[in-house]
Amino acid sequence: MPAILEAHDLAKRYRLGATTVDALRGVSLSVDEGEFVALMGPSGSGKSTLLQLLGGLDRPTAGEVILQGETISRLGDDAATKLRRDRTGFVFQSFNLIPLFDVTENVALPFTIAGVETSKGEIAERIRDVIALVDLAGKEHHRPDQLSAGEQQRVAIARALVTRPALLFADEPTGNLDYTTGTEILEALWRSCVERHQTIVLVTHDSKAAAYADRVLVISDGRIRDEIALGRRADHDTAPLVGRLAGLGL
Amino acid sequence: MGGLISLALRSLAARRGRTILSIVGIALGIGVLYASLETDAGISSSIDRTVHDLVGRADLRVEAFGERRLTADSLSAIEAAPGVVIAAPGLERRTYLAPAANDPNAAPAPVTALGIDPAREPAVRDLTLAAGQSLPATDAAAALLTQTLAAALGTNVGGTVTLQGSAGPVDLSVVGILAGDGPIVGSGGRTVIVPLQTLQRVFEDPTVSRVDIVTGEGATPAEVAAALGVALTTQPYVLSSPADLAASLRSSTADFRAMTALIAAVALFVGAFLIFNTLSMTVAERVRELGLLRAAGATRRQLVWFVLAQAIALGIAGAVVGIAVGFVLGELMAAEVRSIGSIPFDRVDPTIASIIAVVAVGLGVTIAASLEPARRAGSIPPVEALRERLDPASARRARLRWLVAVFVAVGVAGLLVWPRDAGTAGLVRSAVIYVVLFLAILVAPLVLGALGRIAGLPFRLVLRLEERLARASIVRDRSRTTLTVGALAIGLAMVVAVGAVAHQSRLAASAWLSEVIPGDELLTSIRPVALDEAAIGQLQAVDGVKRISPIAVFEVARNGVRFDAAAVRGADLLDDGRLRIVAGDRGAALMALDAGGSVVIPQVLADRTGLGVGSTMTLAVGNGQVIDLRVVGVAARTIFGKAGEAVLLGWNDATTIFGVAGADVLAVRYAPGRQIDTQPTLERTARELALEPNPIDRIAGAVDDALGRVFGLFDALALVAVIVAALGIVNTLTVSVLERVRELGVLRAAGMTTRQVRRTVVVEAGILGIVGAVLGIVTGLVAAALLIVLAGAGPLIPDPPWASIAIAAILGIGISMAAAWYPARLASRLAIVAAVQHE
């Protein structure tokens, strides 16, 4: 399987007043096409920073990120914006839907931003498909305040998937949700990976969420401490992962 | 408590931009208020000075009524009336100074000659000498000049002026110079004062124009007035007191003062919006923090003080800056008011009392604006610390209540500082307009959605997504948008209302000129030109002149009420196609004027008195006698006199019954196509005859200019309110951006460019601007219509003030979009990472 995403020696240093904080200290990794990778680690480990660099939301202090053969870590704002729009999708902990837009409009947002007609043709078809994928068929015209938290996050996932991005980045997507709703979200992500061959990079501190991944990268203190290959498993059993993490003292 | 207040002040310091905007907003409101109060005080003190200069220590003034002046018999009767201690007569004549010997071709310079009794005058009025000495007590060829006139002539004590008398030029030696403009209002300071006997001799006129009376200690002015009624039976006269004069001067400036006060109130009201929005935002942003304070044991009262302390700090800072702004605005207004000749104006130095009053009003309004946010802060329960936002519905209800509170607070503040002597009519009009503006704000939330959709249309065509997002943001917090749009709308409404009233006045003036004046040019004379004088024949003989129509304006009285009358030649008006007769037969009516015994009355008089065609109009002619004249026609508009439209009479009646000596205006109609080549000859001839030529277009231009000055001032003040509203837009958009930080971050992550983000904010401002402009224009037109109707300024002319409407639209949309510059920049610069960070 060819690598879709590579990172070489990524470093990120923040200045906080007089002090500097090294959030990442030389991280290298690669993600294969269709793979589901989880970045795990305790709070402050640098996992979210890593995801932001991989997704082109921020620039590294050193090192490079290569997406589909293109070095994205040195792109200017406009080029990075275009890349995000065309090749990546993001799901955040807060659902961040536009309150006045209904489900269809929120899902169609990336196309609307790009100035693409969304009401007919193949695009409309895609929007319907992705709404069905996240199990929201029949609620197309509901507004965010008429949806449950889990449904809102599924709208956010549909919005991230609708452009058929090469990579989907999810940053603690279940962090604001209860156990059952969180499971719904993870199932939706899993389905997209299995049924659509979607590549996913998931940031989480929750071993239950990480257990959905094919491979888990454990981040600690700005470095990759360990790599746990779980393989594709339909049962999402957490036992093997928890065992390895316990071995690492996490 | 101290710790919380310190936290409150630190909170203001932390949001420096917003704090500065609020201070500038309230400062502009206070500045306009201060400047308008200072201007008002200047006008008021000028009126007092004028009254003092005019009547001095006199308790009563008797003036001749109509064309005939008071005779020596009348003067004796006044002197003999019981209770009269001093009766100081005065004779006023308009005349010319003969050209100096070294410049015999110079045009004659008009002056007012005032004859006084040098023995009695000092008992009534102080004539302050700047140089030289007082007039001799008897007939002598001596004169006092005002400083203004002496400077204009380059003459000083010991010099000579030559007065044009009825029998020819008379040389007078200048014995003294009076300080300033002298005692006659309306002469522009061009006054020559001579002994009464001298002036009577020079003009071969034994009468006097007025007698100033000082009453004895035992007699009240009312008793003396009654005694005069018995003593003076042979001549009609007008009796006035200093209070009457002051009241009449004050009423002539009442509209101006009422309008400035209204605009000041509006500016303050708009400033209050800004304060309210700022403090509301502080409370909304700090809900969690305030909830935590409550959880940690802070009392409700402490949280209320948290907000009130901020309000007081903003109010004090706003007042200090506002007074400074007011000084500058006051100076600018003073310069402008001085250039409006019809409004007397003295400079006044600011008093501590007036500064304290303005600071108190500013602080009061600021605190009133903060009461609601303060109450809301106090009502935050500790559990709200865990929630992000207040319930929008309850917030909306609360704000509506607040709006009423601030509306009333500003209204009460307005009443407290309202110019007490400006009359109640202006107060009523201003109150009505104030309520209309308030209603417009109440209507705003109801029409916001629909208007917003319509306003978005032009943007939707090219910027679909931006328009959709912008509109979503606008309805997100409807009450905040309402307040923002409302503030802009009332600022723009004032601009439109002022423009519409000015436009209406211009239309009325130009319609009047073209409908009433039977000529292309008016020649004015400072002395009556008798119809049989050679002058009229000479002018008529100029090649290219079709007709010379003499017009005289004088006073008549009916049932004890005086009003204006004008002598005209009916045949001239008929031939020239002037006057729109709305009742009666036009030809017959105008010919009947020349035949005599008939009048044509203006529509406004017909409406007021119920007189119509065929009615009899009974006018007083003196000696207790009256004359009946038949109303033969009603004209839509007639010639303007001193106080209003005049009743038209034929020349025969005017000269034989009312003693009109001659025309004061000659209307010149040129033969078709001959104006350009004839005008120079005619104007030269007119000047040789001591007539002042005024082409109609110059008169129209002068009217336009005068209206432009008055209304330009109002416009400038209204513009301040618009600027304050613009600051509100900056504030609202900034908060709207800050509230949507995460949403904007997601949009950026989803591929929205920085340009698109910027455009979204600018489109939001554009929609706010359009909605504000539409609302402001409609409200302004309604307010203008009410102002015109309530002022009784005649029927509404259905011709919209397109220029003002366009200015309001451009101003509203332009200022809003300009106000979006900073928030748009802020939005586009938000780092996506920060925007989408975890809680």
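Modeller: Happy to. One definition to start: a helix here is a DSSP run of H or I with at least four residues, numbered from the N terminus. And keep in mind that this is a predicted model.

Biologist: Good. With helices defined that way, what follows α2(B)?

Modeller: Gly56(B) follows α2(B), and the phi of Gly56(B) is positive, near 55°.

Biologist: How far apart are the end C-alpha atoms of α2(B), and what span should its 40 residues have?

Modeller: The ends are 57 Å apart. Helix α2 of chain B covers residues 16-55, and at 1.5 Å a residue those 40 residues should span 58 Å, so the two values agree.

Biologist: How many residues of α2(B) are buried?

Modeller: 28 of the 40, so α2(B) is largely enclosed by the rest of the structure. Buried here means that 20 or more other C-beta atoms lie within 10 Å of the residue's own.

Biologist: Switching to chain A: how many helices and strands does it have?

Modeller: Chain A has nine helices and 10 strands. Its radius of gyration is 18 Å, close to the 18 Å that the globule rule gives for 250 residues, so chain A is as compact as a globular protein of that length. If you need a box for its C-alpha atoms, they fill roughly 50 × 45 × 40 Å along the principal axes.

Biologist: Handy. What share of its residues count as buried?

Modeller: 47% of the 250 residues in chain A. As for contacts in chain A between residues at least 6 apart in sequence, 68% join residues at least 24 apart.

Biologist: Now the sheet. In what order do the four strands come?

Modeller: The order is β2-β1-β4-β5 in chain A, forming an open sheet with antiparallel pairing. β2 (19-32) and β5 (70-71) of chain A are the edge strands, each pairing on one side only.

Biologist: And what packs on that sheet?

Modeller: Helix α1 of chain A, residues 47-54, does; it touches β1, β2 and β4 (62-67) of chain A. The direction of α1 makes about 120° with that of β1(A).

Biologist: How many bridges join β1 to β2(A)?

Modeller: There are 11, with β1 (residues 3-16) of chain A running antiparallel to β2(A). Within that pairing, Leu10(A) has Val27(A) as its bridge partner in β2(A).

Biologist: Last topic: how many residues are in contact between chains A and B?

Modeller: 24 residues of chain A contact 20 residues of chain B. On the chain A side, the elements giving two or more residues are α2 (77-87) and α4 (109-114) of chain A. By class, that side has 11 nonpolar, six polar and seven charged residues.

How values were computed:
Residues numbered from 1 in each chain as written. Chains lettered and ligands numbered in written order. Predicted model: local features only at pLDDT ≥ 70, side-chain atom pairs only at ≥ 80, totals over all residues. Pairing = 2+ DSSP bridges. Contact = placed C-beta atoms within 7 Å. Axes fitted to C-alpha atoms, helices over the stretch in contact; angles between N-to-C directions. Rg over C-alpha atoms; globule rule 2.2 N^0.38 Å. Buried ≥ 20, exposed ≤ 12 C-beta atoms within 10 Å, placed from the backbone. Expected span 1.5 Å × (residues − 1). Nonpolar A, V, L, I, M, F, W, Y, C, P; charged D, E, K, R; others polar.
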